[in-house]
Amino acid sequence: MSINITTRLAKFEELIPSNIPFVEGKLKGHQDRKNYSVIGPGVSEDAKQNVKIAEPHGFNIGAVSAAPMNGSGLHSHTTAEVFIIHSGAWRFYWGVDGTEGEVILKKGDIASFPTNMFRGFQNVSKEEALMFVVLGENDPGVITWTPNLLKDAKESGMVLMNDNSLVDTEKQKITDETKIIQPLKEDELESFDHYSSEDIEKFVIRFDEKDKYFVDDEHYQSNKIINYIDQFNIHNKSFIPNIPHRTGFSLSLLHGKKAHIHEYKLEKSEVYHCLSGEWEIDCDGDKIAIKEKDTFSVPKNSLRSIKQISDEDGNLFIIRQTN
Ligand SMILES: [Fe+2]
C-alpha cells in the first residue's frame with residue numbers, strides 16, 4: 001500500500017491546541033479554553049493554529065475544550081456548525097444579546113446551528129469539558145462577532161484585522177488603524193436571523209432519547225443507526241435525516257457492542273469519529289484502531305470495513321462529504 005494511513009489518524013491526546021484562538025481570548029469567560037483543528041483549519045483566528053489533517057474534505061472538524069464557565073462569545077457563521085458533545089454540560093445561547101434562547105447539551109448530544117445567527121456557548125459543568133465541531137465547506141469562511149464582543153476584546157488589547165489576523169496590542173503596534181474590523185452597526189445587525197428555543201430544539205438530538213431515533217439496518221441485529229444530517233447509505237439501505245439542514249456533509253451514528261460495517265468503497269471524503277468503545281478499521285488490508293475522542297479520515301476510494309471490538313456498546317460518528 002502506497003500511503004501510510006497513520007498520517008490520517010488524529011488521536012485526541014496528540015493534538016496541539018491554540019490557547020488564544022480568537023479575538024475574545026483575553027476576556028473573562030472566554031480565556032480559559034482551547035481550540036483544536038483536527039481536519040482543516042476551521043475558523044481559528046490564530047495564524048499559528050496547528051492543523052492535524054490539512055487535506056480538503058468538503059467540511060472541517062475541530063474541537064473545543066473549556067474550563068468551567070468558559071466558552072465562546074456570540075458569533076455568526078456563513079456555513080454549517082454542528083456540535084458533538086463529548087463531556088461536561090454545555091449551555092448554548094443565541095441572539096445579538098444572547099437572550100433569545102438557550103439549550104444545555106451533554107455527552108453524545110448533537111446540535112446543528114443555522115448560519116447567519118449569533119450563538120455562543122459555555123461549559124456549565126464543574127470540570128473541564130470537551131466537544132467537537134463540524135463546519136461546512138472546505139473554506140468555512142470567517143466568523144462575525146457581535147459589536148459588544150469586539151468592543152470588549154479591544155479593551156482587553158485584542159483586535160481583529162480585515163485579513164482575519166489577530167493583533168495583541170500589548171505586543172504589537174498597529175500601523176494601519178483602517179484595517180481593524182469595526183463592530184457592526186445597528187442596521188447591519190438587522191440582517192441576522194432570530195430563533196426561539198423551540199425553533200433550535202428541532203435541530204437538537206439528545207443521546208438520552210436515542211431509542212426514539214434508532215433505525216436498524218437489518219444487519220444481524222448488531223447495528224443501530226441514527227442519521228442526523230443528509231442522506232446516509234450503508235449495506236444497501238438508505239437513511240433519512242432527522243435534522244433538515246443542508247450542510248454539505250452527512251452525520252450519522254453507528255451504535256452497538258457488535259456494530260460493524262462490511263467492506264465498501266466511497267469516492268468522497270469520509271471520517272470516523274469515536275464517541276465511545278474501540279473501533280477497528282480495515283483499510284485496503286491495513287488495520288488501525290480508534291478510541292474515544294479519536295478521528296480517522298479514510299483514504300478516498302479505499303476498500304474499508306469497521307467493527308466495534310470493546311466489551312461495551314460503542315458509538316461511532318460517520319461524517320461524509322455530500323457536496
Ligand atoms: Fe462557532
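Modeller: Two residues count as being in contact when their C-beta atoms, placed from the backbone, lie within 7 Å. The structure under discussion is a predicted model.

Colleague: Leaving aside neighbours within four places in sequence, with which residues is N301 in contact?

Modeller: N301 sits in the loop that joins β25 (295-298) to β26 (304-308). N301 is exposed, because 11 other C-beta atoms lie within 10 Å, and the cut-off for exposed is 12 or fewer. Once neighbours within four places in sequence are set aside, the contacts of N301 are K265 and E267.

Colleague: What distance separates the C-alpha atoms of N301 and S269?

Modeller: Along the chain, N301 and S269 are 32 residues apart.

Colleague: Within what arc do the buried residues of α1 fall, seen down its axis?

Modeller: Helix α1 spans residues 147-155, and its buried residues are L149, L150, D152 and A153. These residues line one face of the helix, because the arc within which they fall, viewed down the axis, is 165°. On the other side of α1 are the exposed residues K151 and E155. The buried residues pack against β5 (71-76), β12 (144-145) and β13 (158-160), and the arc asked for is 165°.

Key: Residues numbered from 1 in each chain as written. Predicted model: local features only at pLDDT ≥ 70, side-chain atom pairs only at ≥ 80, totals over all residues. Buried ≥ 20, exposed ≤ 12 C-beta atoms within 10 Å, placed from the backbone. Helix = DSSP H or I, 4+ residues; strand = E, 2+ residues; numbered from the N terminus. Arc of directions from axis to C-beta.
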